[in-house]
Amino acid sequence: MNQPSKPFNIDKRKVYEAYLQVRSNGGAAGVDGVTIEEFESDLKSNLYKIWNRMSSGAYFPPPVRAVSIPKKSGGQRILGVPTVADRVAQTVAKQLIEPTLDAIFLADSYGYRPGKSALDAVGVTRKRCWKYDWVLEFDIKGLFDNIDHELLLRAVRKHAKCEWALLYIERWLTAPIAQEDGAVVERSCGTPQGGVVSPILANLFMHYTFDLWMARTFPELRWCRYADDGLIHCQSEVEAQSVCEALRIRLAECRLELHPTKTRIVYCKDDRRQGKSETVMFDFLGYCFRPRSVRGPYSQKIFCGFTPAVSKSVLNAMRATIRDLNFRRRPNLTLRIASPEDVTFA
């Protein structure tokens, strides 16, 4: 007698490829305490369970483990750590929907996208600061914690047509959070920062909340967004103030809000510009943009330009890392750079 087929057709090979991706990314154990090494000890059985449950529609994600990590700016950020098995399941779905969703995203959206990086965003920002006198630097307060599920799922259903992917995305969005004190809290909004599918879902939400809105409302202005951090380049301070107020209203319509202390208007001060402002610097993706002495590419003349360099907070983190390496207590090391003659092969 023939066995009944699974309601969802999921290739076993895709589950194995998802596991390889999870293994390469590393990460801590979830609420079940199972590490990647322990998951691998019975790999065939564990991957079969994931495939079988996802294919039959019986996969329900376990609670996400909440982990507090310090922010560079102070305070704590709560990350949601799924179990290893759940990360594999999420990766299966992400690899299915990512090509479709990434194809609709606009060019100036840089965060968590294949083929794009934070350095790309910094590079394009550097060029635009030469052309535009003012920048509206904005940050969305608690984006991952406050994404509205109803609005997000409306966007997901518009573009992701796979029935099983839609089913599990809804379940991942509502999976509870297991707090550090052991309490399990239900969720009605947000997508855990730390989940595999969370970045692409956040990008989709911001695609409709901000990216398309900017292209429709202020088509003459250039902007750059990396997840919840963004910049809008303006010709004047008055224009920047007007855009800031319009953005505040737009985010409120989508049940989000601007961060009160991380949103500000900055003057891109250099030798060509004669205006004045108390704010002439901003940090973006680990780089500090501010007036600096630079050398011209042709005349070699020194002048004041508005350019980026590594920010103070990142420099402090680098110094702390070097201090932790404790080189002064490792006299066996040498600072001499090895020459090709020093390299031998067995």
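1. The largest cavity is lined by Val-64, Pro-82, Asp-86, Gln-90, Trp-172, Ala-175, Thr-191, Pro-192, Gly-195, Val-197 and Ser-198. A cavity is a set of points, on a 1 Å grid over the protein atoms alone, where a 1.4 Å probe fits but cannot get out, and lining residues have an atom within 4 Å of a point. By class, six of the lining residues are nonpolar, four are polar and one is charged, where Asp, Glu, Lys and Arg count as charged, Ala, Val, Leu, Ile, Met, Phe, Trp, Tyr, Cys and Pro as nonpolar, and the others, Gly among them, as polar. The space in this cavity is about 60 Å³, a volume being the space filled by probe spheres set on grid points that are joined across faces, edges and corners.

2. This is a predicted model, in which local features need pLDDT of at least 70 and side-chain atom pairs count only at pLDDT 80 or more, while totals for chains, interfaces and linings use all residues. Residues are numbered from 1 along each chain as its sequence is written, and side-chain values use heavy atoms, with hydrogens and water left out.

3. The second largest pocket holds about 590 Å³ of space; a pocket is an open set of grid points with protein on both sides within 12 Å along at least five of seven lines. Its lining has 25 residues, and those nearest its centre are Asn-25, Gly-194, Gly-195, Val-196 and Pro-199. Helix α4 gives the largest share of this lining, five residues, and by class the lining has ten nonpolar, eleven polar and four charged residues.

4. The structure holds zero disulfides, a disulfide being a pair of cysteine sulfur atoms within 2.5 Å. For Cys-268, the nearest cysteine sulfur, that of Cys-129, is 4.0 Å away. Cys-268 counts as buried at 0% relative accessibility, since buried means under 20% relative accessible area, exposed over 50% and partly exposed in between, with a 1.4 Å probe and protein chains only.

5. Helix α3 (residues 43–56) has 14 residues, which at 1.5 Å a residue should span 20 Å, and its end C-alpha atoms are 20 Å apart, which agrees; the expected span is 1.5 Å times one less than the number of residues, and helices are DSSP runs (H or I, at least four residues), numbered from the N terminus. The buried residues of α3 are Asn-46, Leu-47, Ile-50, Trp-51, Met-54 and Ser-55. Seen down the axis of α3, these buried residues fall within an arc of 155°, so they line one face of the helix; the arc is that of the directions from the helix axis to the C-beta atoms.

Terms used
Helix = DSSP H or I, 4+ residues; strand = E, 2+ residues; numbered from the N terminus.
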